[in-house]
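Here's a quick briefing to read with the model open in your viewer.

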Amino acid sequence: MPSSLRLCVRRSSAPDGGEAGTLVTLRLPSEVECIEEAVELVTRHCLAGHAAPRKTRFRLQVVLSEAISNAIVRGNREDRDKWVHVRAELDRDTIRLHVTDEGAGFDPAAVPEPIRPEQLDEANGRGLYLIRKLVDAVEFNERGNSICMILRRP
Amino acid sequence: MGFHQTKDASGVAVLQVEGQLIVGNRQELKDLVQAALEQGERRLLIDFSRTGYIDSSGLGALVSISKKVREAGGELRLSGLNEDLRSLFELTKLDTLFAIAETPQQALASF
């Protein structure tokens, strides 16, 4: 059985007149068995209270699974002493998902495009490409151990 | 999340992906196909009618499986991809690598 996940949800009522929002944080261990549950938890909170088309749910599930999987396998190298941190900043128009690992980071610019004909037979290398195709914007921190995926609500 | 293995009346080995095909279970699917090949199966169908989502590891596993089946002189078909799942194959151009049928029945008829 996977170790337990630690979820925290905070809703801001914006008393200062600013826009109300929700912050969801989830900490999970570097175990691939945890990915599916983490994806379902975060997806559910991202879509709570919003009428989301099936396509939005699917995209969220795929990019979350992809980013968490990268963080566990490539970032933390499945080291049980390291954690993956998911942070979802939600408001009426936007879903902003940060996935951070405790690894050394990588250079996203050095990842080759996986769709060239000579690359099609390769088993790896499609993750980041898929994320870029399924969300509206992608950002990385300088160290390269934290990805931010931005989806605008339809 | 799991796999359901059956054999069609015409002798095609059918593997149904139930739930997700992701980094946590892709090896299980590869092992199932490997075992089927070792048992002499040469016509294989992987059906996604009951699949939620696939990540890049799952797509990668399918690429490896496709190679293995080809090297063994076998044939592989995919079926049951809904619009969302199919978009993953199209975005990655993998729709050009696989023989994809709309339904398992159509896939079985095409062997």
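Setting aside neighbours within four places in sequence, Val63(A) is in contact with Ile131(A), Leu134(A), Val135(A) and Met149(A) (contact means C-beta atoms, placed from the backbone, within 7 Å). This is a predicted model, where local features need pLDDT of at least 70 and side-chain atom pairs count only at pLDDT 80 or more, while totals for chains, interfaces and linings use all residues. Residues are numbered from 1 along each chain as its sequence is written, and chains are lettered from A, with ligands numbered from 1, in the order in which they are written.

**The core**
- Val63(A) also belongs to the largest nonpolar core, which has 59 residues; Ala38(A), Val42(A), Val63(A), Ala67(A) and Ile68(A) have the most contacts inside it.
- A nonpolar core here is a set of buried Ala, Val, Leu, Ile, Met, Phe, Trp, Tyr and Cys residues joined through C-beta atoms within 7 Å.
- "Buried" takes 20 or more other C-beta atoms within 10 Å of a residue's own, "exposed" 12 or fewer, and "partly exposed" is in between, with C-beta atoms placed from the backbone.
- Helix H2 (residues 54-75) of chain A gives the most to this core, with nine residues; helices (H or I, at least four residues) and strands (E, at least two) are DSSP runs numbered from the N terminus.

**The sheet in chain A**
- Six strands make an open sheet in the order S1-S2-S3-S4-S6-S5 (chain A), with antiparallel pairing (a pair needs at least two DSSP bridges).
- S1 (6-12) and S5 (137-140) of chain A are the edge strands with a single partner each, so one side of each has no neighbour in the sheet.
- On average, neighbouring strands of this sheet are turned by 15° against each other, direction ignored.
- S5(A) pairs antiparallel with S6 (residues 146-152) of chain A over four bridges, and Phe140(A) has Ile147(A) in S6(A) as its bridge partner.
- H2(A) lies across S3 (83-90), S4 (94-100) and S6 of chain A, running at about 175° to S6(A); axes are lines fitted to C-alpha atoms, for helices over the stretch in contact, and angles run from 0 to 180 degrees between N-to-C directions.

**Chain B**
- Chain B has four helices and six strands, in the sequence pattern β-β-α-β-β-α-β-α-β-α.
- Its C-alpha trace spans about 30 × 25 × 25 Å along the principal axes of chain B.
- Buried residues account for 41% of the 111 residues in chain B.
- S1(B) runs antiparallel to S2 (residues 13-21) of chain B, joined by six bridges, and Thr6(B) stands opposite Val14(B) in S2(B).
- Five residues separate S1(B) and S2(B) in their hairpin, and Gly11(B) in the turn has a positive phi of about 95°.

**Where the chains touch**
- The contact takes 23 residues from chain A and 22 residues from chain B.
- On the chain B side, S4 (51-54), H2 (56-71) and H3 (83-91) of chain B each give two or more residues, and H2(B) gives the most, with seven.
- What does Gln61(A) contact, leaving aside neighbours within four places in sequence? Gln61(A) is in contact with Val39(A), Thr43(A), Gly52(B) and Tyr53(B).
- Gln61(A) lies in helix H2 of chain A and counts as buried because it has 23 C-beta neighbours inside 10 Å.

Methods:
Contact = placed C-beta atoms within 7 Å.
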